[in-house]
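Subject: Structure handover

Hello,

Here is the structure you asked about. Please open it next to this message and follow along.

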Amino acid sequence: MTTLPSHAQNSPKDYVDGHNTARSEVGVGPIEWNSTLESYAVNYANQRAGDCQLIHSQGTYGENIYTGYGQGYSDGVDAVRYWYNEKPFYNYVWNQCSGGVDCLHYTQMVWRNSARIGCARVECSGFGGRYFVTCNYDPPGNILGERPY
């Protein structure tokens, strides 16, 4: 298993590198940072800053969301690692998650047609250092009946 990047700042490179590590493992081309998706993610993260709830934006893009706090659970690298760690629960043969564990964050990360990404992270007010992270994907993945790669 390839190791994803470790703790770092929350730069576009951190998000892109983590995604592209996962994508290369399954033979999917790289994903690129997109400023339009970044703006969308920033706008939505700011909306969640007051409650830090794991609620999807219901927009037209694919989306992964995450919340965490403390060392090892509070930044974009942690979010990407969390989504990546769903990999063992994706059964390619059956094209579904196994063991009763969600793996749709992972499949969105490696979705073959998703070519662009934009992410954002915001500290939630009144939650003692809890952060909300969102990444948006274009085109979106997790199309019913299709395999991610």
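**Salt bridges**

E146 is partly exposed, with a relative accessible area of 33%. Partly exposed sits between two cut-offs: buried is under 20% relative accessible area and exposed is over 50% (1.4 Å probe, protein chains only). Before going on, some ground rules. This is a predicted model: local features need pLDDT of at least 70, side-chain atom pairs count only at pLDDT 80 or more, and totals for chains, interfaces and linings use all residues. Residues are numbered from 1 along each chain as its sequence is written, and side-chain values use heavy atoms, with hydrogens and water left out.

Back to E146. Its side chain meets that of R112 in a salt bridge (3.3 Å, N to O). The pair links distant parts of the chain, 34 residues apart: E146 is in the segment after β6, and R112 is in the loop between α4 and β5. R112 counts as partly exposed, at 36% relative accessibility. Helices (H or I, at least four residues) and strands (E, at least two) are DSSP runs, numbered from the N terminus.

How many salt bridges does a search of the whole structure find? Six. The criterion is a side-chain nitrogen of Lys or Arg within 4 Å of a carboxyl oxygen of Asp or Glu. Side chains of opposite charge can pair when their charged atoms come close.

A second one joins the side chains of E25 and K87, at 2.7 Å, N to O. E25 lies in helix α1 and K87 in the loop between α3 and β3 (90-91), so this pair ties together parts that are 62 residues apart in sequence. E25 is partly exposed, with a relative accessible area of 24%. K87 is partly exposed at 28%.

**Around R48**

R48 is in helix α2 (residues 35-48). Is R48 buried or exposed? At 11% relative accessibility, R48 counts as buried. Its side chain meets D51 in a salt bridge (2.5 Å, N to O). D51 is partly exposed, at 23% relative accessibility.

R48 also has a polar contact of 2.9 Å, side chain to side chain, with Y44. A polar contact is a pair of N or O atoms within 3.5 Å; within protein, one must be able to donate a hydrogen and the other to accept it, and residues adjacent in sequence count only if both atoms are side-chain atoms.

Leaving out residues up to four places away in sequence, R48 touches Q53, I55, C124 and F132. Contact here means heavy atoms within 4.5 Å. R48 and T36 are 12 residues apart in sequence and 19 Å apart in space, C-alpha to C-alpha.

**The cores**

The largest nonpolar core has 21 residues. Such a core is a set of buried Ala, Val, Leu, Ile, Met, Phe, Trp, Tyr and Cys residues joined through side-chain atoms within 4.5 Å. W83, M109, I117, C135 and Y137 have the most contacts inside this core. At least two residues each come from α1 (12-25), α3 (76-84), α4 (104-109), β5 (116-123) and β6 (130-138). Which element gives the most to this core? α3, with four residues.

W83 is worth a look. Setting aside neighbours within four places in sequence, W83 is in contact with H19, N64, I65, Y66, H105, Y106, M109, V133, C135 and Y137.

**Helix α3**

Seven of the nine residues of α3 are buried, so this helix is largely enclosed by the rest of the structure. The buried ones are G76, V77, D78, A79, V80, W83 and Y84. They pack against α1, β2 (62-69), α4, β5 and β6. At the start of α3, a side-chain oxygen of D75 reaches to within 3.1 Å of the backbone nitrogen of V77.

**Strand β2**

β2 is mostly covered, with seven of its eight residues buried. β2 pairs with β6 in the antiparallel sense, over eight bridges. Two strands count as paired if DSSP finds at least two bridges between them. T67 stands opposite F132 in β6.

**From the record**

UniProt lists residues 10-145 as "domain: SCP", in an unreviewed entry. UniProt positions are given in the numbering used here, feature names are shortened, and annotations may be inferred rather than shown by experiment. In the model, the end C-alpha atoms of this span lie 34 Å apart, and the span is 32% helix and 23% strand.

Best wishes
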